[in-house]
Amino acid sequence: MRYISTRGEAPALGFEDVLLTGLAPDGGLYVPETLPHFSLEEIRSWRGLPYTELAFNIMYPFVEEAIPEADFRQMLDETYSVFAHKAVAPLVQLDTNEWVMELFRGPTLAFKDFALQLLGRLLDYVLEKRGQHAVILGATSGDTGSAAIEGCRQCEHVDIFILHPYERVSEVQRRQMTTVQGDNIHNIAVRGNFDDCQRMVKESFSDQSFLEGKARLAAVNSINWARIMAQIVYYFHASLALGGPDRSMAFSVPTGNFGDIFAGYLAQKMGLPVSQLVIATNRNDILHRFMSGNKYEQHTLEHTLSPSMDIMVSSNFERLLFDLHGRDGQAVKELLENAAKGPVSIADYRWKRARKLFDSAAVDDAMTCATIREVYQQNEYLLDPHTAIGVRAARTCRRDEQIPMITLGTAHPAKFPDAIAESGLAVKPDLPAHMAELFERKERYTVLDNDRDGVQSFIAKHWKNA
Ligand SMILES: Cc1ncc(COP(=O)(O)O)c(C=O)c1O
Ligand SMILES: N[C@@H](CCOP(=O)(O)O)C(=O)O
């Protein structure tokens, strides 16, 4: 399997190099040159398999040239054994043909654990094999950071630097990152927003000279193909649990960086019958405005009750644009260069092709709270604000009541007690036992200005072998 860049100018790479490279040198994102395709018969034969077996069947074609079967199986066993539910991603029914898939039963209580528990193991495996050390640099709006730290903290061959927007993540999210002790773990609160953090990360990958050639950067954000790969699996898992592939499914996906929903799009391309994908955004609704009106235009980023989705420059949207433009990297490059200067549209027939599968809705804070209340009153089931946006968008955009609609439950409500309080419910979601003392643990982080050079100097000074 070879991987090519969405900007068309970087050399194609194999899995190991894609894993370690993160962002392509031409600024693009790597995607597989061709996707594996599974027949309905083959998918049907996976019914009832444990999650790890399913994960192996779906992911192995992407990694087989780099990792022997037994080693990959072992990594998957270790990865999914840390989840608190036997089903790994259990489904909860809200109504007839309406479900939430709980993706927050991993150690840091968000869907990021599915990929980052695996990514840590993959990185360690490959770095060990090559005798190399890497400096992990990631940006987080709250959840990727803690999942990356948890997934990579045991890795012998990495230092981890995570940038989060200062005072723009929930207190639980911040403490999940800043209370993990370790000489190789560095949390930086940037006086800016998530887009600023993500921009710094991408610019640092493009020019790594600040590390003076002594180390290479590795990515934990969904710019790293391995993140997307692991997120494809749970679409198959949900479908198989509800009668797929003999019936089609619809998914509603709380969306920010477009990684999770892009994984759903790939699942469909790999043979899973998916009839609808709903892009569910908060007030930072650039993707909804594009999907509903073919206008891609950046607005000022706003702070909402769903902070993990406070994202305007949505990385993985580039991967979809690449497909919509017939995999013409030059066209994507020009489009994104223009998008940085002002509003852009794509050819109408390309946009209409996207609309066959995708719908979208933007949900504001008041509606998020109303949905948390509504579902709690109907089902005694507490949604986190991101999942609530998914449920509201699912109910708004549903095309066919006969088709199961599955909202991805992306985070545990205990991560966002302020949003739950704001919804007016008198319930306080408890943190699980392993996080019971979170508020007593000592925090360690550094606040830096929104200045790339300052952040890079900090990294250059603090990584282990600097
Ligand atoms: C809880 C939660 N929900 C939804 C999202 C959006 O996912 P994506 O960025 O893959 O679109 C994120 C972060 O990205 C998140 O942390
Ligand atoms: N919501 C994310 C933002 C980063 O997204 P990623 O999927 O590209 O890592 C977060 O919680 O950090």
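Modeller: Ala, Val, Leu, Ile, Met, Phe, Trp, Tyr, Cys and Pro count as nonpolar, Asp, Glu, Lys and Arg as charged, and the others, Gly among them, as polar. This is a predicted model, where local features need pLDDT of at least 70, side-chain atom pairs count only at pLDDT 80 or more, and totals for chains, interfaces and linings use all residues. Residues are numbered from 1 along each chain as its sequence is written, while chains are lettered from A and ligands numbered from 1 in the order in which they are written.

Colleague: What makes up the shell around ligand 1, by class?

Modeller: By those classes, 6 residues are nonpolar, 9 polar and 2 charged. Among the 17 residues around ligand 1, Asp143, Asn257, Gly259, Ser308 and Thr410 come nearest; to be near, a residue needs its C-beta atom, placed from the backbone, within 6 Å.

Colleague: And what classes are around ligand 2?

Modeller: No nonpolar residues there, but 12 polar and 1 charged. Thr140, Asp143, Thr144, Asn221 and Ser222 come nearest of the 13.

Colleague: Why is H15 called roughly perpendicular to H16?

Modeller: The axes, lines fitted to C-alpha atoms over the stretch in contact, with angles from 0 to 180 degrees between N-to-C directions, cross at roughly 85° and come within 9 Å. Angles of 65 to 115 degrees count as roughly perpendicular (under 35 is roughly parallel, over 145 roughly antiparallel, the rest oblique), so H15 is roughly perpendicular to H16.

Colleague: How do you know how confident the predictor is in each residue?

Modeller: pLDDT gives that, from 0 to 100; the chain averages 97, and 100% of the residues score at least 70.

Definitions and conventions. Helix = DSSP H or I, 4+ residues; strand = E, 2+ residues; numbered from the N terminus.
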